[in-house]
Amino acid sequence: FEGDEEFEGATKFGVYNANDVIRTGKVIQKMDTNDDQRITPAEYQKFVKAHPESVFNTVRFDQVDYHKRGWLEVDDFVHLSFPKASEKDRVRMTAYINLKLFTDTGPSQTFVRDPVAEAEAMLIFDHLDVDKSGAIDAEELLEFMNKQAVSADKSTAFRRSSVNIDDMKKMIEEADDNGDNELQKDEFIKFMCYSGKQEQKPRNSSKEPVIRRAATVAVM
């Protein structure tokens with residue numbers, strides 16, 4: 001997400017913004033050497049030794065392990081790193097990190113349902129489904145992106161020239177399991193939350209991250 005700082009800063013979690021959240025997520029990624037989304041005591045200690053400048057050098061593993069699982073997950077780091085956040089914002093932060101950083105971890109990643117990310121994807125779907133038909137077509141996606149391009153909030157704006165109707169059709173084609181040239185809610189959730197993971201179709205669209213980022217900002 002290098003170069004996305006202006007966009008990321010537009011999303012707020014109480015007194016914190018998305019830059020703060022993504023920075024924490026990237027630390028978790030560095031610790032998670034086997035890509036299982038769980039940080040073991042050994043992984044934690046290895047990171048601490050390799051990064052003496054990290055603030056985690058002053059925090060014991062058991063102090064981070066808020067949920068007392070014996071390993072660390074995203075929500076443990078969120079609880080430690082954002083003490084002023086409300087419980088609702090912590091749930092959103094955890095979902096945000098999972099959605100942004102842990103949906104493309106590759107074929108070795110174990111497929112696990114993420115109900116928080118799915119709920120967030122449902123909100124995005126409802127926002128994009130302008131005609132409330134229960135499906136999203138290329139025209140609705142393009143209309144949404146064009147609205148974002150002229151948004152009064154410059155931090156969420158995208159150039160009109162960056163996407164076109166053919167881009168939207170290609171994106172839909174990659175996620176359209178039943179071949180009707182639209183995305184039903186289940187197809188959209190699968191695409192947003194799980195594509196690229198084991199048991200799911202790999203994502204190839206270069207435009208999909210733009211849509212994901214714009215829609216996430218729009219509904220938050």
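## Basis of the values

The model is predicted: local features need pLDDT of at least 70, side-chain atom pairs count only at pLDDT 80 or more, and totals for chains, interfaces and linings use all residues. Residues are numbered from 1 along each chain as its sequence is written, and side-chain values use heavy atoms, with hydrogens and water left out.

## Overall make-up

The chain contains 11 helices and 4 strands. These elements are DSSP runs numbered from the N terminus, with helices being H or I of at least four residues and strands E of at least two. Of the 220 residues in the chain, 48% are buried. Buried means under 20% relative accessible area, exposed means over 50%, and partly exposed lies in between (1.4 Å probe, protein chains only).

A contact requires heavy atoms within 4.5 Å. Among contacts between residues at least 6 apart in sequence, 59% join residues at least 24 apart.

Helix α6 spans residues 87–101, 15 residues in total, and reaches 21 Å from its first C-alpha to its last, close to the 21 Å expected at 1.5 Å a residue. The expected span is 1.5 Å times one less than the number of residues. Because 12 of the 15 residues of α6 are buried, the helix is largely enclosed by the rest of the structure. The buried residues include R90, R92, M93, Y96 and K100.

A18 belongs to helix α2 and is buried, at 0% relative accessibility. A18 and M93 are separated by 75 residues in sequence, while their C-alpha atoms are 8.2 Å apart in space.

## The second largest pocket

The second largest pocket holds about 170 Å³ of space. A pocket is found on a 1 Å grid over the protein atoms alone, as an open set of points where protein lies on both sides within 12 Å along at least five of seven lines; lining residues have an atom within 4 Å of a point. Grid points are joined across faces, edges and corners, and the volume is the space filled by probe spheres set on the points.

The lining consists of R23, T24, V27, F47, H51, E53, S54, V55, F56 and S81. Helix α2 (residues 18–31) gives the largest share, 3 residues. By class, the lining divides into 4 nonpolar, 4 polar and 2 charged residues. Here Ala, Val, Leu, Ile, Met, Phe, Trp, Tyr, Cys and Pro count as nonpolar, Asp, Glu, Lys and Arg as charged, and the others, Gly among them, as polar.

E43 lies in helix α3 (residues 41–50) and is buried, with a relative accessible area of 8%. Leaving aside neighbours within four places in sequence, E43 is in contact with M31, D32, T33, N34 and R38. A polar atom of the E43 side chain lies 3.4 Å from the backbone nitrogen of N34.

D176 sits in the loop between α9 (165–175) and β4 (183–184) and counts as buried at 9% relative accessibility. The D176 side chain reaches the backbone nitrogen of G179 at 3.2 Å and that of D180 at 2.9 Å.

## Positive phi values

Most residues other than glycine have a negative phi. Q37, in the loop between α2 and α3, has a positive phi near 65° and is partly exposed at 21% relative accessible area. N181, in the loop between α9 and β4, has a positive phi of about 65° and is exposed at 61% relative accessibility.

Terms used: 1 Å grid on protein atoms, 1.4 Å probe; cavity = no way out; pocket = protein on both sides within 12 Å on 5 of 7 lines; lining within 4 Å. Polar contact = N/O pair within 3.5 Å; in protein donor to acceptor, adjacent residues only side chain to side chain.
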